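I am opening my notebook on a two-chain model. I will write down what I look up, one topic at a time.

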Amino acid sequence: MSVTDKKILVGFKRVDDCLLLLCNALKESAELVNFEYLDEVKSLIEGMIKGFPPLLYAQVLESLEICLGDETIKILFDYYPDPLEDDDLDMSLLKLLSLKPERLGFNIILNDEGCARCVGVERLPGLSTEHIEVVVIAKDKETGNESERSNNGEN
Amino acid sequence: MAKIRGIGVGANVMEKSVTYVCNTVIQLFFRILHKRGLDAGFLSSSLEVLENGLRTWLGEQKLKEMHLEVSLPHSSDALEDWKAIFEYYAEPDENVRKPPVEEVERICQELRALPAGAIYRIVAVTEPDASDVPGWIASSLKPLRDATERPFSGWGYGHVGAKFFYHGGFLDGLHNQQKDY
């Protein structure tokens with residue numbers, strides 16, 4: 001399995017603008033791997049993104065992984081970028097890979113689970129569908145260790 | 001003869017300054033609500049109104065202060081007040097200064113717990129000629145009794161900076177930094 005890092009710069013952008021960019025990048029990635037259930041994934045992405053504003057404002061979203069079979073795209077949220085830096089959300093490499101995943105996954109990685117719960121992360125895991133899984137992963141602030149939570153929101 | 005062309009890197013510095021300070025003020029408020037055990041539901045559902053106010057008044061350079069005021073329902077006094085005071089610079093500061101999130105969270109941990117049922121509201125103090133923004137109504141701050149003050153490091157970028165303060169009576173053991181009223 002390979003992981004490709006991407007980055008979205010949050011600090012100097014309006015949250016709505018960030019989420020529009022993110023939404024488009026996620027949809028594009030599903031299209032580029034010819035995911036069969038495109039309507040399903042687009043609807044899920046829109047629902048997921050709707051829950052993101054408080055998480056983004058509170059800066060508790062560390063990254064979002066898109067699991068496309070053997071390929072994972074990891075989008076890092078950079079809250080304090082260089083003001084002149086640009087986003088890196090170019091998904092065109094997916095065109096070069098012959099991926100045709102039967103299932104998709106989105107891993108939402110948090111850097112502060114307590115604060116994320118306070119601002120409403122609990123609504124997200126219930127988004128999983130038959131072909132797409134949404135998993136919330138809390139990262140320990142001190143150790144950096146990850147603890148996975150199942151897609152029904154239980155630890 | 002060669003032409004020399006350039007692009008002003010400061011062209012959208014004001015926009016970035018406003019956005020950065022707006023985002024970080026809201027970040028601080030969310031972090032405080034979490035650490036003080038207050039329900040973030042009201043703030044989450046008011047983000048559009050809050051952001052519109054912050055962006056409008058910071059852009060006009062008419063926003064003086066933004067408060068997260070905590071009180072008990074029906075009480076005429078506040079329990080505590082978290083205050084951002086804004087500064088505007090004609091010459092932009094190109095250094096990105098981070099908000100004092102860790103400092104604020106550390107103090108929140110040291111404060112005595114709020115009484116059950118405490119609520120909060122967001123109060124903006126603007127210049128008299130600031131634009132009206134939908135969702136914001138005329139109000140006044142509640143007085144604080146026996147409050148002490150704790151200042152935090154300032155932050156900002158470009159044309160806008162901010163300083164942050166805690167005022168309240170829940171500060172035990174911080175006598176070297178507090179000021180009695």
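**Where the chains touch**

I began with the contact between the chains in this predicted model. On one side, 18 residues of chain A are in contact with 17 residues of chain B. Which elements give two or more residues to the side of chain A that touches chain B? I found α3 and α5 (113-118) of chain A. Then I sorted that side by class: 12 nonpolar, four polar and two charged residues.

**Confidence**

I noted the scores for the model next: ipTM is 0.88 and pTM is 0.89. Chain A has an average pLDDT of 88, and 91% of its residues score at least 70.

For chain B I wrote down a mean pLDDT of 89, with 88% of the residues at 70 or more. I marked residues 174-181 of chain B, where the pLDDT is below 50. This stretch has 11 contacts in the model beyond near neighbours in sequence.

**Chain A, the overall plan**

I counted five helices and six strands in chain A. Starting at the N terminus, the order of elements is β-α-α-α-β-β-α-β-α-β-β. The radius of gyration is 15 Å, close to the 15 Å from the globule rule for 155 residues, so chain A is as compact as a globular protein of that length. I also looked up the box that the C-alpha atoms fill, taken along the principal axes: roughly 40 × 40 × 30 Å.

Of the 155 residues in chain A, 37% are buried. I then took the contacts between residues at least 6 apart in sequence; 74% of them join residues at least 24 apart.

**Chain A, two strands side by side**

I looked at strand β4 (residues 104-110) of chain A, which pairs with β5(A). Is the pairing parallel or antiparallel? It is parallel, over seven bridges. One bridge joins Phe106(A) to Val134(A) in β5(A).

Next I checked the two faces of strand β5 (residues 132-139) of chain A. In a regular strand the side chains alternate between the two faces of the sheet. The covered face holds Ile132(A), Val134(A), Val136(A) and Ala138(A). The uncovered face holds Glu133(A), Val135(A), Ile137(A) and Lys139(A). I see that Val134(A), the bridge partner of Phe106(A), belongs to the covered face.

**Chain A, two positive phi values**

I looked up Asn34(A), which is not a glycine but has a positive phi of about 55 degrees. Asn34(A) sits in the loop between α1 (15-32) and α2 (38-50) of chain A. Is Asn34(A) buried or exposed? I found 12 other C-beta atoms within 10 Å, so Asn34(A) is exposed.

Gln59(A) is another residue other than glycine with a positive phi, near 60 degrees. I placed Gln59(A) in the loop between α3 and β2 (61-68) of chain A. Gln59(A) has 24 other C-beta atoms within 10 Å, so it is buried.

**Chain B, the sheet and its helices**

I turned to chain B, which has four helices and five strands. Along the sequence I read α-α-α-β-β-α-β-β-β. Buried residues are 36% of its 181 residues.

In what order do the five strands of the open sheet lie? The order is β3-β1-β2-β5-β4 (chain B), with antiparallel pairing. β3 (119-126) and β4 (148-151) of chain B are at the edges with a single partner strand each, so one side of each has no neighbour in the sheet. The twist averages 25 degrees from one strand to the next.

Strand β1 (residues 63-71) and strand β2 (residues 78-97) of chain B are antiparallel over seven bridges. There, His67(B) stands opposite Lys83(B) in β2(B).

Helix α3 (residues 47-60) of chain B lies across β1, β2, β3 and β5 of chain B, at about 20 degrees to β3(B).

Methods: Residues are numbered from 1 along each chain as its sequence is written. Chains are lettered from A and ligands numbered from 1 in the order in which they are written. This is a predicted model: local features need pLDDT of at least 70, side-chain atom pairs count only at pLDDT 80 or more; totals for chains, interfaces and linings use all residues. pLDDT is the predictor's confidence in each residue, from 0 to 100. The radius of gyration is taken over C-alpha atoms; the globule rule is 2.2 Å times the number of residues to the power 0.38. A residue is buried if 20 or more other C-beta atoms lie within 10 Å of its own, exposed if 12 or fewer, and partly exposed in between; C-beta atoms are placed from the backbone. Two residues are in contact if their C-beta atoms, placed from the backbone, lie within 7 Å. Ala, Val, Leu, Ile, Met, Phe, Trp, Tyr, Cys and Pro count as nonpolar, Asp, Glu, Lys and Arg as charged, and the others, Gly among them, as polar. Two strands pair if DSSP finds at least two bridges between them. Axes are lines fitted to C-alpha atoms, for helices over the stretch in contact, and angles run from 0 to 180 degrees between N-to-C directions.
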